Amino acid sequence: MGMDRLIRRFRLHLLAWLHKSRHGPILFVRYFSYKDIKKATDGFHRIIYTDSHRTAYKAKFQDGGVALVKEVRGFNQGKDVFYRELQLLGRLHHRHLLQLRGFSTGQKRLLVFDNVENGSLKEHLSDPLKTPLNWRTRLQIAIGVAAALEYLLLFSDPPMYHVSISSSSIMLDENFTAKLSEVGLLCSCEDYLTMPHASCSEECMAQEHGNIILQLGVLILELVTGQSSEKGGADLIQWIQGSCFASSMQRMIDPDLGNNYDSRELRNLLAVAKLCIKSRDKPMFSILHVLHYLQKKVDVPHA
């Protein structure tokens, strides 16, 4: 390897470690070149999911490494907020969160995360070629996501109020452990925030919390029915709030489950989903209450 290449590699790693914004140094993560990421994602064509703010790609690097790469859009305040997000994401450590590994600031602003062996939850709910998820695994996913939300809202400093919860953005590792992949600083009633707990009003935070609780409720319905919900879960929300909910419950259960589920746990899980959805406008309980209720009412090891 030539000296110039060695120096360049050293500088790239040093940038990832020591790059400073007004918020302080970025924690150590690897710097990836735009060229390498573009090649690893097949020209940004290996799309896993996309929304108005981010697109996630599967990346396969020349050294055999595989990762999830997210293109981040909408940082109107410039690079400073991007580096702020890098700093905060680098601090997050939880078994149900996808771990940040690196970044790139070339033509696109890109975040590189751990690979997830089994892809997205959506694939396992909708792809007939995938092995169906059993009842225990679905319960563990629900509890795991709730545990991650407890960590993000109660133990992260600052709290992370932008969390997108859907079957598309929940990844499954080799043990089918759920990993939230869509976490950031975006407050839906404002733009990207440098200090969410100071800049986001109490009303805004309550709105965000209500939205998170709602999304968790919809996710539970996806796990029960096997349906990947579109348009914010409007179809599933209409079903659980409808007058025919009780009589149609058995028909809505994912056929892949057959009769291999616990009826009592099913009722408890649907009761949680119904309360979560009912609380979207005015949350009646915190994510901590949801997590403790799930752990108490369903018979799986705590996340």
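Two residues are in contact here when heavy atoms of theirs lie within 4.5 Å.

**Entry 1, the whole chain.** I began with the chain as a whole, keeping in mind that this is a predicted model. Among contacts between residues at least 6 apart in sequence, I found that 62% join residues at least 24 apart. I then looked up the secondary structure and noted eleven helices and twelve strands in the chain. For burial, I read that 54% of the 303 residues in the chain are buried.

I turned next to the packing of helix H5, residues 135-155, with helix H11, residues 287-297, and found an angle of about 150 degrees between them, with the axes 9 Å apart.

Which residues make the contact between H5 and H11? On the side of H5, I listed Ala142, Ile143, Ala146, Ala147, Leu149, Glu150, Leu153 and Leu154, while H11 contributes Ile287, Leu288, Leu291, Leu294 and Gln295.

I located asparagine 268 in helix H10, which spans residues 263-278. Is asparagine 268 buried or exposed? Its relative accessibility is 15%, and since buried means under 20%, I recorded asparagine 268 as buried. Setting aside neighbours within four places in sequence, I found asparagine 268 in contact with Tyr293 and Lys297.

I then went to arginine 46, which sits in the loop that runs between helix H2 (34-40) and strand S4 (47-50). With a relative accessible area of 30%, arginine 46 is partly exposed, because that class covers values between the 20% limit for buried and the 50% limit for exposed.

What does arginine 46 touch, apart from its neighbours within four places in sequence? I noted contacts with Ala40 and Thr41, and also with Ala56, Tyr57, Lys58 and Lys60. For alanine 40, I looked at the atoms involved, and its backbone oxygen lies 2.5 Å from a polar atom of the arginine 46 side chain. For lysine 60, which is 14 residues away from arginine 46 along the chain, I took the separation of the two C-alpha atoms, which is 9.7 Å.

Notes. Residues are numbered from 1 along each chain as its sequence is written. This is a predicted model: local features need pLDDT of at least 70, side-chain atom pairs count only at pLDDT 80 or more; totals for chains, interfaces and linings use all residues. Side-chain values use heavy atoms; hydrogens and water are left out. Helices (H or I, at least four residues) and strands (E, at least two) are DSSP runs, numbered from the N terminus. Buried means under 20% relative accessible area, exposed over 50%, partly exposed in between (1.4 Å probe, protein chains only). A polar contact is a pair of N or O atoms within 3.5 Å; within protein, one must be able to donate a hydrogen and the other to accept it, and residues adjacent in sequence count only if both atoms are side-chain atoms. Axes are lines fitted to C-alpha atoms, for helices over the stretch in contact, and angles run from 0 to 180 degrees between N-to-C directions.
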